[in-house]
Amino acid sequence: MVRFLFLAVTLLVPLSVQASTVKSALPGAELRGAATFRYVGFPLYEARLFTKSGAPLDWSKDFGLELKYLRNLSEYDLVESTMRELKRTGVALPLRRQLKQCYNDVRKGDRYVAVSKGQNQIEFWHNGERVCMLRHPQIKTRFMAVFLGENTRSKPFTRKLKGE
């Protein structure tokens with residue numbers, strides 16, 4: 001019985017930590033939508049969008065995005081893929097140095113949470129610990145458009161994530 005309780009608590013803590021991370025960074029946040037992103041058929045991460053009161057995405061308001069990784073990836077892979085996606089979506093930005101400070105290696109089950117703070121800042125948490133603040137003009141729409149914009153890699157993923 002003790003083992004079962006320990007296992008249950010161990011499994012539940014990460015979920016409650018992430019929910020509290022989003023809710024403490026974005027008061028009134030509720031889940032809006034969720035989707036699994038696949039690349040060449042392989043699932044890479046599960047994404048969840050949080051908006052105030054679970055309202056439809058409004059780019060003029062703050063929102064949070066959580067990614068739960070389904071594979072191990074290096075910090076290098078995360079930085080390089082982000083830079084490629086920013087360039088592909090037409091917003092190549094000089095963010096490599098900042099991203100290296102924000103990203104860590106991820107293991108299967110790790111979570112990143114990104115919460116916008118106005119148009120020019122995004123706060124990042126890795127497994128419930130704040131790791132950085134990304135600052136750049138219009139970073140919210142430029143960075144988050146990789147997941148939620150009109151030119152994402154997967155329209156069905158984006159629609160589901162937006163709760164449409």
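Which residue with a positive phi follows α2?

1. Basis. This is a predicted model, in which local features need pLDDT of at least 70 and side-chain atom pairs count only at pLDDT 80 or more, while totals for chains, interfaces and linings use all residues. Residues are numbered from 1 along each chain as its sequence is written, and side-chain values use heavy atoms, with hydrogens and water left out.

2. Helix α2. The residue asked about is G90, with a phi near 90°. Helices (H or I, at least four residues) and strands (E, at least two) are DSSP runs, numbered from the N terminus.

3. Packing of α2. Its buried residues (under 20% relative accessible area, where exposed is over 50% and partly exposed lies in between, with a 1.4 Å probe and protein chains only) are L78, V79, E80, T82, M83, E85 and L86. They pack against β3 (63-69), α3 (96-102), β4 (111-116) and α4 (139-148), where contact means heavy atoms within 4.5 Å.

4. Strand β5 and its partners. Of the 6 residues in β5 (residues 121-126), 5 are buried, so the strand is largely enclosed by the rest of the structure. Two strands pair if DSSP finds at least two bridges between them. β4 and β5 run antiparallel and are joined by 5 bridges, with A114 opposite F124 in β5. β5 also pairs with β6 (residues 129-135) in the antiparallel sense, over 6 bridges; here W125 stands opposite R130 in β6.

5. Turns. The hairpin of β4 and β5 has 4 residues between the strands, and G118 in the turn has a positive phi of about 80°. The hairpin of β5 and β6 has 2 residues between its strands, and N127 takes a positive phi near 50°.

6. Largest pocket. A pocket is an open set of points on a 1 Å grid over the protein atoms alone, where a 1.4 Å probe fits, with protein on both sides within 12 Å along at least five of seven lines; lining residues have an atom within 4 Å of a point. The largest pocket holds about 650 Å³ of space. Its lining has 27 residues, and L44, Y45, S81, T82 and E85 are the closest to its centre. α2 gives the most to this lining, with 7 residues.

How values were computed:
Grid points are joined across faces, edges and corners, and a volume is the space filled by probe spheres set on the points.
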